[in-house]
Amino acid sequence: METPIKFRNHISIVPERMGRMLVFLAALFFGSLVQNLPDLLEEARSLSEDRNTFLLTLGGILLLFLCFLGYQLLIWAKTWIYVSEGTLVIERRTLNRKVHTIAVRNISNINTEQNLFEMLIGTSKLKLDTNSLSTADKTDVRIVLKTSDAEAFRSYLLSLLHPDQTDPAEGEHGPEHLRPAGPDTYDIHAGLTDICAHGIFSISLLSVLVLAGCVLGTIGAISDTVQTGFSGNGPVGFLVSLLLVLGIFFSALWDILRGFIQYYDFRATRAGDRILIQYGLLKKSSYTIPVDKIQALKLNQSPLARLTGRYMAEIINVGMGDEASERNSFLVLYCKKDILRKRLLKLLPEFSGALDADISRQPRCVWSVWLIPALLFAAAAFASCRILPLFLPVRTLFCVVAAAAAVLFMLLLLILRYYTAGTDLQKDYIVLCNGYFGRHLMMTAYRHIQYIQLEQSPPAKWGHISKGTLYLLASSGNQAQNIPFFSEKKISFLRERLLHPEASSGYTNPIEKK
Amino acid sequence: MNYEKLSRQALKCMYVATAAGSILTLAILGAVNYFIFFPKDLDIAKSASLAAALLILINMLVSPYFRYHRYRYRIDKESIDIHEGYLFTKRNIVPIERLHKLQTTKGPIDQFFGVSTVVVTTAGGDVAIRLLDEKKAEEIADSLRHRINQIVTEQRSDYGNTY
């Protein structure tokens, strides 16, 4: 048996982890500073008198920092990585001895990532994800290596993942040779216009409202202060409030700007049986996704995109969207339908039928199902008009207007739901459409569905309709997919395709064809 | 399709479990009334509590009967199919091929009535076949375990051919 070559993470993992801790401490410090600034200013005088206590505290913090540094160095020195007999092993021989063994065939996503620090020192983070539900929400393995070593290791893992790769384009140089050299050789390369359009169409209405609220609130507070002077906590209190508002403002602003910056230099291409995606300005990410590990395709339309006929495509795959800042796993940025069709045909032809899905609206009797909850909601809204004035200083007329507005909004939602949601049970795929103002289409092959749960309320039973949920192997946000109401008659077809997905199937997976 | 029903012991277990839950909820409701609603003399809240208590009592008496009669399951070589519910019914269809793991669990009330639950795990989540007679649960668990092993062996041999 061949002796496996063992290697460690790059030493830069230590300062990077330390940096993360420092950022966390700084955030904690700043948060508590903002909250307790007036009290701290009062106490500052007594602190300068008691210098020894101050130095002791500082020494304690330094000691804690050194202990943490020593611990991180120990972890780095005692962690070894190697590949042996088709398994990737990460062995940590510290006091808490851990051996993490992953079958290479179960890897669903290989991602390399570079933040600003890593760009400066020439390292990359290799992130691996496996087909496992228990770790679907987090990255299974993170390895930091020199960029060239990370690329070489990724190529090696890919060659192990599909050793029978016989794509003529690939030649003898391994799958990594398929990675295009420049941006123009990718199937899709998003220019500045595409990024800006994507940013505009993906703006969250909530963020805009928060931003507007912050601006209006700050203007109001400043104008009050100018007219009446500082009140209550004085200038310090005013400064603290201003800092908090600025924090919320910049958070909402970042949420909007992120759509423009995050996918800078977005490129995607199909290389044999895998899709390669790269993007990022401040943090460069590069994904390699085996097509057979893609569980589903999502086509999204924000309200603005729906009005202008634009779509955006995401894939559901274990490993994409693990990070809080990368919840969306983009495949194609917002573009017109015909452009999306062309791009999907290049990148993921297996799912290109999603655009032409013949979505059947929910049966008309769905209104009888919605009637009882709608009446209950209206009754509760108007009943609150009698109850609220007993507890709160609000006028009954104001309550009635608010209740009427809530009921009208609910009616609007029901109408939008009726005209948006639907299903298309195709031979090999199921397409589900959900949404209210926006539209969210999800297409998956029956063979990727883990199980189905169907639900019926008494009115739905009388109307012979059913709704439900289908469960996929995906992170928690994508695991359960709602099936809108559909005719009970279609259940037997759905069951049959779920149990025999390959029977008389036209499903073409390039890997299986080989 | 032939579905199997639960045993009479399951019905008794449902009654006892529902009664235990209902009594606990009624006790909390009573405490809220005693300490808050009655001292403050909140008429609307007292009426709402009374209505809620009545609903809980009706549910305690009626729901186990309907849940028991609605509950049915079918396990064949291809799938597990479970119907359950009271007013709102649910049907779970799980292809046997997607099973990864199975587990048999028994709570204190289940143990008293000699019933247990078989929980099957897929890559998309768990589904439970509830309140089965212990012997029946063991039989089901054994046959499913055998089937899972068979599937894993088949997959390994397929993998061996390509890897």
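## Exercises on a two-chain model

In this predicted model, 21 residues of chain B are in contact with 22 residues of chain A. Let's work through it together.

**Exercise 1.** Find which element of chain B gives the most to the side that touches chain A.

*Solution.* Start with the elements of chain B that each supply at least two residues to this side: β4 (89–95), β7 (125–133) and α4 (134–162). Next, look at what β4(B) brings: with 7 residues, it gives the most. Finally, sort this side of chain B by class, and you get 10 nonpolar, 7 polar and 4 charged residues.

**Exercise 2.** Work out how strand β18 of chain A is joined to β4(B).

*Solution.* First locate β18 at residues 449–456 of chain A. Then count the bridges to β4(B): there are 5, and the two strands run antiparallel.

**Exercise 3.** Describe the largest nonpolar core, and follow A:M443 within it.

*Solution.* Begin with the core's 94 residues; A:L297, A:A313, A:V332, A:L333 and A:M443 have the most contacts inside it. Strand β13 (residues 330–336) of chain A provides the largest share, 6 residues. A separate core has 16 residues, including A:I13 and A:F153. Now turn to A:M443: leaving out residues up to four places away in sequence, A:M443 touches A:A296, A:L297, A:F351, A:A354, A:A357, A:Y429 and A:V431.

**Exercise 4.** Summarise chain A as a whole.

*Solution.* Count its secondary structure: 15 helices and 20 strands. Then consider burial: 30% of the 514 residues in chain A are buried.

Definitions and conventions: Residues are numbered from 1 along each chain as its sequence is written. Chains are lettered from A and ligands numbered from 1 in the order in which they are written. This is a predicted model: local features need pLDDT of at least 70, side-chain atom pairs count only at pLDDT 80 or more; totals for chains, interfaces and linings use all residues. A nonpolar core is a set of buried Ala, Val, Leu, Ile, Met, Phe, Trp, Tyr and Cys residues joined through C-beta atoms within 7 Å. A residue is buried if 20 or more other C-beta atoms lie within 10 Å of its own, exposed if 12 or fewer, and partly exposed in between; C-beta atoms are placed from the backbone. Helices (H or I, at least four residues) and strands (E, at least two) are DSSP runs, numbered from the N terminus. Two residues are in contact if their C-beta atoms, placed from the backbone, lie within 7 Å. Ala, Val, Leu, Ile, Met, Phe, Trp, Tyr, Cys and Pro count as nonpolar, Asp, Glu, Lys and Arg as charged, and the others, Gly among them, as polar. Two strands pair if DSSP finds at least two bridges between them.
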